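Have the 3D view open as you read.

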Amino acid sequence: MLLNLPFITVVIIMALGLYAMLFKRNLIKIVIGLSLIESGVNLFLVSLGYRNGGIAPIYTNAPSTNMVLPTPQALTLTSIVIGVATTAMLLSFCMVIYRHYGTLDSRKVRRLRE
Amino acid sequence: MSWDYFLNHSPALIIVIPLLAAFATPLIGRFSRKAMYIWITASLALTEIFSIILLYGVHTGGTMVYVMGANPYNLSVPPDSGGIPVRIILTVDSFGAFMAFTASTVALAGGIYSIACEHSQTGQEKYYALLLLMLVGMLGMVLTGDLFNFFVFLEINSLASAALVSYRIDKGVAVEAAFKYAIISSIGALAFLFGVGILYGEYDALNMAMIAQRMKFTDLDKIVMALFTVTLAMKAGAIPMHYWVPDGYGKAPGGISAMLVTASQASLYGVFRVSFTVFGLSANTLTLGWFLIILGVLSMFVGVTMALIQHDIKRLMAYHAISQTGYMLLGVGVGLATLGTAAFNQYGLAAMEGGIFHIINHAMYKGLLFLTAGAVIYRVGTSDLNKMGGLAHGMKYTTIFFMIGALSIAGIPPFNGFASKLLIYESVYQFNPLLSIIAMIVSILTLASFVKVFHSAFMGPKIYDVKEVPKSMLIGMCILTFFIILFGLFPNIAMTYLVGPAAKALANPLEYIARVLGGGA
Amino acid sequence: MSKIVRTQASFLYTFILIFGFYIVAHGHLTPGGGFQGGAVIATGIALVVVAYKFDEIKRRIKKTSLTAAEGIGLLSFIIAGISGIGVSFFYNWLANSGLLFGESVPYGINPGYLNTAGTLPIMNLAVGIEVLGGLGVIVLYMLHFVKGGEGNAA
Amino acid sequence: MSWWNTFTTPSGFWNPLVWVLIFLILVLLSYLIWKRGESSYKKGGMQTDPFLSGYGPESKEALHVRAGNIYWGFASALKNYYSLLRKIHTGIVNDYVGWYIGILAMMLFIYFLWGGF
């Protein structure tokens with residue numbers, strides 16, 4: 001059960017993120033929801049590679065060779081880097097939208113429709 | 001530095017060249033504008049040449065495997081790895097090479113076109129760096145053999161495209177479009193990554209060939225299948241997840257709209273690759289095939305009816321892009337639904353060929369149409385069709401290019417749209433006559449809606465005193481027109497060297513798997 | 001900000017830079033690497049940006065040098081990758097060669113040697129330079145609106 | 001299958017070169033027929049003006065049909081369909097995400113029900 005705890009957390013975080021993306025009307029909150037989903041996916045990847053009692057997969061002065069899988073951590077790192085770029089870009093879009101529209105309400109930021 | 005060297009290393013070089021060019025562009029642009037234009041054009045042309053080398057290599061030697069950082073370059077399964085492919089593996093089969101050729105051709109046209117079209121804009125060095133990065137994303141998506149790597153290139157592609165959509169701020173409206181596009185593509189990419197994580201947890205592998213071989217098709221795999229197919233169909237712009245398409249295509253600069261078409265098709269490639277190669281051996285392909293067919297028919301019909309009532313020239317064309325994507329989904333979906341039965345050789349393969357042929361045709365003519373729309377906006381300054389009229393008086397070449405594109409998209413012989421549509425109609429008719437009839441009605445409505453554009457923008461009395469657009473924009477349009485007429489008059493060239501091998505490679509995942517897991521021999 | 005904050009910020013700035021470059025340089029031995037080290041350096045830039053007035057920051061940190069760092073970092077990364085193209089792209093030709101970063105690593109648990117791993121430390125360095133430039137530019141642009149710019153972007 | 005050959009489809013064939021040849025012949029034929037027509041036509045006379053119950057012709061600018069008015073009949077015949085589509089295309093970013101999540105959930109359901117054999 002304790003080993004399943006990270007996966008339960010993943011589900012909760014992703015559900016919160018989805019809630020924010022579906023029902024929050026502020027564009028910044030939508031970006032926050034996206035970041036939450038991303039954290040959930042990252043946590044999911046890291047938990048996949050965990051081995052019971054394993055240590056970080058680095059050979060310098062390691063006490064034992066029982067190590068967690070390094071590949072999911074590399075994947076997580078890549079995903080974090082991409083996430084930083086995405087979030088920075090989305091937030092700067094928000095800033096430009098606010099400057100031109102004077103609002104961040106998603107019900108008003110819709111000059112493009114049909 | 002012999003011919004063999006370039007041939008063997010072409011899968012990596014085709015990605016490296018635009019990547020290097022993208023990173024060097026801001027530095028070169030700081031010194032001289034002119035040198036930067038030459039640099040961009042040269043690197044795009046070199047990419048195009050390498051895509052042709054790639055086509056040649058795949059045509060003569062079959063599926064190519066390239067392992068980054070390995071010694072030798074094609075050692076996908078090292079002797080001490082226990083039969084598991086390691087490192088980033090690029091796997092180029094005929095379908096991948098075909099898509100790479102399409103993407104780099106449209107990028108070449110869009111890049112040359114942009115030189116004049118964006119001449120007076122600021123921040124051009126970033127524009128071209130992003131344009132090249134977008135090309136890198138597309139090429140990486142279609143050439144990689146690794147699911148995680150696919151996700152990385154998908155993100156590179158969508159980030160660069162979103163930034164480019166917002167390039168002309170246009171009182172914030174373009175940024176609104178880019179925001180919507182970035183949000184929807186990021187959440188899609190995260191769903192894709194979640195699926196990759198589930199597959200990794202199940203099968204300890206990220207390589208598509210390895211996963212396909214180990215696939216047991218448990219309940220978890222069904223979740224992954226839904227995540228992958230729905231996400232990539234959304235990125236390809238299938239209805240009812242198409243809302244970002246008119247926004248993004250409609251507000252991007254002209255050259256970028258043309259490239260966004262191929263960016264969507266790279267996602268379409270992902271749908272087909274995942275459903276045929278990864279899940280095709282174990283999943284129930286009938287369900288998966290009908291999913292694609294239903295999405296395709298919906299996209300075709302709703303896309304074209306929405307296009308009929310638009311009055312913004314680029315938004316109208318964006319809805320047509322959705323509608324044409326429907327043809328590809330329909331054709332390949334019929335192939336997938338009949339996979340493994342006797343009907344596949346009877347008409348399923350022909351339907352797939354039609355769908356795949358339509359990919360390259362659509363990239364060329366819709367790219368051309370977006371470039372002409374960009375030319376109209378460049379001269380008139382508005383994209384509203386209600387305010388246009390009589391442009392044919394001043395812009396003769398643009399009018400001719402528009403007519404070629406419009407006749408081609410409507411499937412009028414002898415242009416290239418007719419050949420692929422004919423293949424789709426005939427083979428789908430044998431599968432289910434109703435689908436074929438819908439496809440024909442959609443084609444008629446497409447013609448009707450382009451008659452509307454032609455009438456209201458180019459015909460009528462002279463309202464604007466316009467000149468012809470600059471030469472580089474005409475050259476960009478010329479490149480795409482050349483391929484439209486070539487594939488229109490000689491469809492067998494495309495059929496023999498591009499489309500036929502691509503369809504066969506897609507339908508036969510076992511060869512793909514054997515090539516990767518065979519140690520790269 | 002007050003004088004205490006400003007003094008502390010310029011004092012800590014050096015240490016943050018040193019720590020960041022330590023993480024970058026030991027990327028092939030310890031957790032961290034180019035991106036993390038670059039991000040740490042960018043937090044140093046963020047600290048300075050928070051502490052000082054916008055005009056003063058503009059004098060101290062130049063946007064053009066940051067964008068140049070971004071471009072140079074990316075270029076040197078890709079060139080490090082291309083340098084192995086004689087065998088294959090990203091081939092680690094420096095490892096175990098006896099040249100720069102060319103010492104061979106003993107198998108199993110070991111204290112870790114800086115002069116190993118071939119092209120990896122070079123790539124880490126390149127990524128570090130790129131990330132400090134990129135994130136620094138992002139921080140500067142975003143705070144430009146908050147502090148010194150038009151002031152209507154809350 | 002060489003490059004100039006006929007392009008074969010499952011139940012037919014298509015050769016663009018033959019099509020172009022026939023098209024050119026037809027163009028030539030119609031030109032010949034047109035050539036045999038009345039040759040006393042003069043440009044710019046009263047002959048070219050449309051006859052509107054004796055009123056003078058309107059200016060060309062006023063006669064040009066704008067894009068918004070083309071296919072008005074089609075759109076108004078399918079009024080219900082289009083009002084439904086207009087209602088769906090809200091332009092709110094939350095709805096974009098909602099449609100995607102909805103289709104994802106639906107497909108999960110369908111794959112579990114029918115995709116399992």
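Predicted model: local features only at pLDDT ≥ 70, side-chain atom pairs only at ≥ 80, totals over all residues.

Which residues meet here? From α3(B) come Thr102(B), Val106(B), Ala109(B), Tyr113(B) and Cys117(B), and their partners in α13(B) include Ile359(B), Ala363(B), Leu371(B) and Tyr378(B). Sorted by class, this contact has nine nonpolar residues, three polar ones and no charged ones.

## Two cis peptide bonds

One runs from Ile239(B) to Pro240(B), with omega near 10°; Pro240(B) sits in the loop between α8 (219-236) and α9 (244-251) of chain B. Another links Pro413(B) to Pro414(B), with omega near 5°, and Pro414(B) belongs to the loop between α14 (396-409) and α15 (416-431) of chain B.

## Positive phi without glycine

Arg87(B) is not a glycine, yet its phi is positive, about 70°. You can find Arg87(B) in the loop between β1 (64-67) and β2 (89-92) of chain B.

Phe90(C) is not a glycine either and has a positive phi of about 70°. Its place is the loop between α4 (63-82) and α5 (119-148) of chain C. Is Phe90(C) buried or exposed? Phe90(C) is buried, because 22 other C-beta atoms lie within 10 Å and the cut-off for buried is 20 or more. Arg87(B), with 16 such atoms within 10 Å, is partly exposed.

## How the chains meet

Five pairs of chains are in contact, and chains B and D share the most contacts. Chain C and chain D do not touch, with their nearest C-alpha atoms 21 Å apart.

Definitions and conventions
Residues numbered from 1 in each chain as written. Chains lettered and ligands numbered in written order. Contact = placed C-beta atoms within 7 Å. Helix = DSSP H or I, 4+ residues; strand = E, 2+ residues; numbered from the N terminus. Nonpolar A, V, L, I, M, F, W, Y, C, P; charged D, E, K, R; others polar. Buried ≥ 20, exposed ≤ 12 C-beta atoms within 10 Å, placed from the backbone.
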